[in-house]
Amino acid sequence: MLNIADIRTEYRENPIGIDVKSPRFSWKLKSDRRNVLQHSYHIEVYAKADGTQRIWDSGRVASDRSVHVGYRGPQLEPRRRYFFRVRITDNAGEISSWSDLQYFETGIGEPSRWQSQWITADAADAADRQTMSPLLRKVFTLSEVPAAARVYVSALGLYELWINGQRVGDWLLTPGWTSFGHRLQYQTYDVTSLLQRGENVVGAVLGNGWYAGEIGWSQAKAHWGQQRALLLELHRVDGGEPSLMVATDSTWSFRWGPIACSEIYHGETYDARQAVDGWSSPHTSQQGWAAVTVLDHPKDILVAQENLPTRVTMTLQPVSRLRTPGGDDVIDFGQNLTGWVRLEVTAPAGTAIRLEHAEVLDQEGNFYVKNLRGAKQTVVYVAKGRGREVFEPHFSFQGFRYVRVSGYPGELPLESLSACVVRSDLEETLSFSCSSPELTQLQKNIVWGQRGNFVDVPTDCPQRDERLGWTGDAQVFVGTAAFNMNVAPFFTKWLRDLAADQTPSGSVPHVIPNVLGPSAYGSAAWADAAVIIPWTLYLQYGDANLLEEQYPSMRAWVEFMRNRGPSETMHSDGFHFGDWLGLDSAPGSYVGATAIDLIANAFYAYSTGLLAKSAAVLGKEDDYREYETLHRRIVEAFQDEFVTPNGRLASPTQTACVLALWMQLVRPEHVERVVSTLEASIRERETHLSTGFVGTPYLLHALTRYGRVDTAYDLLLQTTYPSWLYPLSQGATTIWEHWDGIKPDGTFWSPDMNSFNHYAYGAVGEWIYRVMAGINPVEDAPGFKSILIRPIPHAAIDWARAAYDSLYGRIDSEWRLHDGRFELTVEVPANTTARVEFPHRTLTGWTSDADGVDLHQDPGGAWVALGSGRYRFSYEIQSPERR
């Protein structure tokens, strides 16, 4: 039976408040048959939930496209809900039933449609109040409750919204972090159920957040502005013309609330004795409230919510209580995480309960905070003294596993504390397990690192006075990230900020949004995020719109490099991080030994090649020819400059070898020498790596591409320092910034820069998924419309399985080495095809559980072509020789 499932609009189920002019629809096919492909689709869009007032009928469209199918009807009206349904026909002629009606709802649209004014409680020169959070509110009366009502709201700073005593929604840290000088998100909430006949109150709490708070290690505040402000409109949207009911203006009032201090880095101080009872409820006294000030601030920067919201996605309970040698009362949650502690307590009025957060304990087992640098990560709750009190921070988050408790009279019960995991609520799309418990745990640590650092932007770390959107970290990790979670909306938002912060000459800041100033731009491998990330997302999701949107930014960065060096084929000027944290660095340096100009020109070639591919995808034929030619010339210049006539690299480090091999920068006749040089370096170090941020992501890929599978697995399974598995022996539950963040004797790497939740080295996840498990996209049919399943097993692992939920459905690859046989089970989703390449050259006694599947043999090895369905193959391993 043919069915349609998981229908999305712009990657989301039934979104409200989108400002996309031509939304795109996606759906998955479900069938109990194999080899199912879509033959045609039919979409209808309506203005009414009862299926009347049809505004667009696509008709039956002969197409196998079921992802990113664009709306092509009349222009959509703002603040309107539209309903749609889909029907498809498959390649056997079976016609599905119409799907249930789905919906999407447009937002305000053009910024000129905003009718409200920015309002603030902050005087321009009142720095003494800057740490406190104001309460803002408006009392209004309704003669009747509308059938549908929406609030559209944004802030300079962070906000929480309340109506009639109830919190609006569960989104956190809104409106999020963007390049506030260019772009500011607003959110849309359905508040119909919160309104009542008669008197109503809408209220908001404001915090400093990224806009006005302290961001960066220089202790600088107010990067975008000092005055926090609110912008809000409440509209009736229950049919006919939407009508404005409430807007922020000079009639609103404010007073100071119980949040005495709240900063992203430092935590929050909340005095419950200062709480204003009923402040957002009707029939509350206006005494003590003052008039707000209207603030002149632009609205043309406003955009609808782009990323998925930040939420509490899970809650963890303490695993133990520790009394440290120093006498501290410390709670262990068993997992390094990002978020905060929910406190439930009964205490006398004025009791100040102090919660301090840390990632690790020191060598003696004491609470360790030196690696936090200037970040305090401290929450103070002052009890009101009226029975059970429940508290969570509002405008701060912490990176922690351990919490030091003080100030409570007696011992705070463990059940009084729970850890709230806070992150962008991205759908997790991959599961992995294998016969090695260490590798299975490593993959879990990689996912936890992503959870902890994907809080609206891809940050380097969640705990110290940094937490910035480093471009280099995001670039090396995006391939892994896109398997672990659906990151398309997340990176769409971030890449728009990257383009907004890009200089007119095309240079890209080190961090996005940029808080490091006008000189922090243009490092190779970091700025190449402008090209590598859009291309990676295109391969993963088949989203040509994103590639098209980012193409000017991609091209601008390549042109910047082209114009920066001594010739258009050499790029070397300016500051570069090099192979950051490479283990072959000179004493006292963070930069590895690989020549910086080699790295710069390797990435110049790599990005130019990806730009040429992008131009071809987008039909920009002139650009394709130009950049393909430029790429070839850059590679030739690289070979002339950095490779001797006999194939020796001028900078023969592991990272140099990896880049030259993975980015295909050496002549074919020199490949074997470079691979041998890389392998010899690894073996000379007793099977250890020396690569840093630049080389590590590609290390195992380069080895396996050129046949050094044993060496790649030996590195992956290495348990002594430096290796991916070494931190597990020290109790790691996330990925570390340094291979030896904690040394074997329990001492630490330098406290200056020692994060224990830093996802960059977790980029090895992509190798685990694409090489070990064998799940790969195909450039000619991206987004997994066509799938290459090519697992590469190893005798040290008995079995491995990965399942990836693509936009078309689940892709499953599971292999086992058992009794001298290789067994492979794969699942291919409907409306896709797959090529399965077997890892051995000789397949004796090959069997398949499916009729009509032919085994093909060519010089490269054995393979089968599959349609959708689940399949099982098995054969006897006669020889360890691989394809």
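Just after helix H5, Gly 542 takes a positive phi of about 65°. That makes a handy spot to start a tour of this predicted model, where local features need pLDDT of at least 70, side-chain atom pairs count only at pLDDT 80 or more, and totals for chains, interfaces and linings use all residues. Residues are numbered from 1 along each chain as its sequence is written, and side-chain values use heavy atoms, with hydrogens and water left out.

A word on labels: helices (H or I, at least four residues) and strands (E, at least two) are DSSP runs, numbered from the N terminus.

H5 is mostly covered, with 13 of its 13 residues buried. Here buried means under 20% relative accessible area, exposed means over 50%, and partly exposed is in between, using a 1.4 Å probe and protein chains only.

Helix H6 (residues 544–562) meets both H4 (residues 488–501) and H5. Axes are lines fitted to C-alpha atoms, for helices over the stretch in contact, and angles run from 0 to 180 degrees between N-to-C directions. The two pairs look like this:

| Helix pair | Axes come within | Crossing angle |
|---|---|---|
| H4 and H6 | 9 Å | roughly 20° |
| H5 and H6 | 8 Å | roughly 160° |

Angles under 35 degrees count as roughly parallel, over 145 as roughly antiparallel, 65 to 115 as roughly perpendicular and the rest as oblique. H4 and H6 are therefore roughly parallel to each other, while H5 and H6 are roughly antiparallel. H4 passes H6 in a left-handed crossing, and H5 passes H6 in a left-handed crossing too. Left-handed here says that the near helix is turned anticlockwise from the far one by less than a right angle; clockwise would be right-handed.

Who touches whom? Contact means heavy atoms within 4.5 Å. Between H5 and H6, the contact residues of H5 include Trp 535 and Tyr 538, and those of H6 include Leu 546, Gln 550, Ser 553 and Trp 557. Where H4 meets H6, Thr 492, Leu 495, Arg 496, Leu 498 and Ala 499 of H4 make the contact with Leu 546, Glu 549, Gln 550 and Ser 553 of H6.

**A sheet with a helix on it**

Strands of a sheet pair through backbone hydrogen bonds, either parallel or antiparallel. Two strands count as paired if DSSP finds at least two bridges between them.

Zooming in, strand E40 (residues 799–805) runs antiparallel to strand E41 (residues 810–818), joined by seven bridges. Ala 803 has Asp 812 in E41 as its bridge partner.

Gln 878 lies in the segment after strand E47 (869–877). It counts as partly exposed at 46% relative accessibility. Not counting residues up to four places away in sequence, Gln 878 touches Thr 842 and Thr 844.

**Another six-stranded sheet**

Six strands form an open sheet in the order E14-E13-E16-E11-E19-E22, again with antiparallel pairing. Strands E14 (166–167) and E22 (290–291) stand at the edges with a single partner strand each, so one side of each is left without a neighbour in the sheet. Four bridges join E11 (residues 134–142) to E19 (residues 253–256), and Leu 135 stands opposite Arg 255 in E19.

**A covered strand**

Strand E31 (residues 378–382) has five of its five residues buried. Thr 378, Val 380 and Val 382 lie on one side, with Val 379 and Tyr 381 on the other. Strand E21 (residues 267–271) runs parallel to E31 over five bridges, while strand E28 (residues 352–358) pairs with E31 in the antiparallel sense, also over five bridges. Gly 267 has Thr 378 in E31 as its bridge partner, and Arg 354 stands opposite Val 380.
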